[in-house]
Amino acid sequence: MFNYNGLSEERKFILVAFRGFLLGGLEYFIAYYLKLSADNQKAKIENQMLKHENLEARLSLLKQQVSPHFLFNSLSTLRTIATDAPTRKFVMQLSTVYRYLLSNDDSHLATLESELEFTSSYLYILQERFEEGLQVDIQIPDQYLNQQIPPFSLQILVENAVKHNVVSQEDPLHIRVYIESNMLCVENNLLAKQSSEESTGKGLKNIRERFKLLSNKDIEIFCDHDKFLVKLPI
């Protein structure tokens, strides 16, 4: 306790003010330290959540693989020994898909240009299977190619469209990829399978969680009787 006896009023005022300054400074320091600790802990938690979401996205694409490096090396060998051009091209596109998966396993963001290149290789493989049953139109202006989104987001949306709809040459599945109001839009017509497996929604949930963590923005989903549309902030 401070003893103010025998001090002038002016000195008492100075000592009281100084004491208040010390206490206020201490309280501010404690509050600042606690906030800093909380922010640091929050950042660590968000970083771990991002790693988890990215890993889940990657595993959903590689769930059938045993060793991606072994498969990639085997594809590279197959490409060199293939005798016809169509086979070499197919193997090359498949190798591109796996190279992208291996190189982006720890990345939180990828450029739209790299995502489009990866998805184009993935689409080539799908179109070899479905031929004219899968029609894809990608219209992305060059000025958006350096914008970023979480890796595999575009591929997951394409995969969902093929997974949950009938793909046939008689009634083709149309997928459009375009920019609207600074959003990356992936749209497809609805040709829902009569006996399709029940959707778990994990793909869309994964994309939504990563966008919220990275940008605090949400994806937009629209669905009516003949169209399904997902918009991603970029």
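## A bridge within the sheet

In strand S5, methionine 183 is the bridge partner of glutamate 180. Strand S4 (residues 173–180) and strand S5 (residues 183–189) pair in the antiparallel sense over 6 bridges, where two strands pair if DSSP finds at least two bridges between them. Helices (H or I, at least four residues) and strands (E, at least two) are DSSP runs, numbered from the N terminus.

This is a predicted model, in which local features need pLDDT of at least 70 and side-chain atom pairs count only at pLDDT 80 or more, while totals for chains, interfaces and linings use all residues. Residues are numbered from 1 along each chain as its sequence is written, and side-chain values use heavy atoms, with hydrogens and water left out.

## The open sheet and its hairpin

S4 and S5 belong to an open sheet of 5 strands with mixed pairing, in the order S2-S4-S5-S7-S6. Its edge strands, each pairing on one side only, are strand S2 (134–139) and S6. On average, neighbouring strands of this sheet are turned by 15 degrees against each other, direction ignored; axes here are lines fitted to C-alpha atoms, for helices over the stretch in contact, and angles run from 0 to 180 degrees between N-to-C directions.

Strand S6 (residues 220–223) pairs with strand S7 (residues 227–233) in the antiparallel sense over 4 bridges, and the two form a hairpin with 3 residues between them. Within this pairing, glutamate 220 stands opposite lysine 231 in S7.

## Helices H5 and H6

The axes of helix H5 (residues 153–163) and helix H6 (residues 202–215) come within 10 Å and cross at roughly 160 degrees. That makes H5 roughly antiparallel to H6, given that angles under 35 degrees count as roughly parallel, over 145 as roughly antiparallel, 65 to 115 as roughly perpendicular and the rest as oblique. The crossing is left-handed, a term used if the near helix is turned anticlockwise from the far one by less than a right angle, with right-handed used if clockwise.

In this contact (heavy atoms within 4.5 Å), Ser153, Ile156, Leu157 and Asn160 in H5 meet Gly203, Leu204, Asn206, Ile207, Arg210 and Phe211 in H6. These residues divide into 5 nonpolar, 4 polar and 1 charged, where Ala, Val, Leu, Ile, Met, Phe, Trp, Tyr, Cys and Pro count as nonpolar, Asp, Glu, Lys and Arg as charged, and the others, Gly among them, as polar.

## Helix H4 and its neighbours

Helix H4 (residues 112–130) and H5 have axes that come within 9 Å and cross at roughly 20 degrees, so the two helices are roughly parallel to each other. Their crossing is right-handed, and the contact has 9 nonpolar, 3 polar and 2 charged residues.

The axes of helix H3 (residues 85–103) and H4 also come within 9 Å, but cross at roughly 135 degrees, and H3 and H4 are therefore oblique to each other. This crossing is left-handed, and its contact residues divide into 10 nonpolar, 4 polar and 3 charged.

## An aromatic pair

The count of aromatic pairs comes to 1, on the rule that rings of Phe, Tyr and Trp (its six-membered ring) pair if their centres lie within 6.5 Å, with planes under 30 degrees apart counted as stacked, over 60 as edge-to-face and the rest as tilted. The rings of phenylalanine 118 and phenylalanine 152 have centres 6.1 Å apart and planes at 75 degrees, so the pair is edge-to-face. Because phenylalanine 118 lies in H4 and phenylalanine 152 in the loop between strand S3 (148–149) and H5, the pair ties together parts that are 34 residues apart in sequence.
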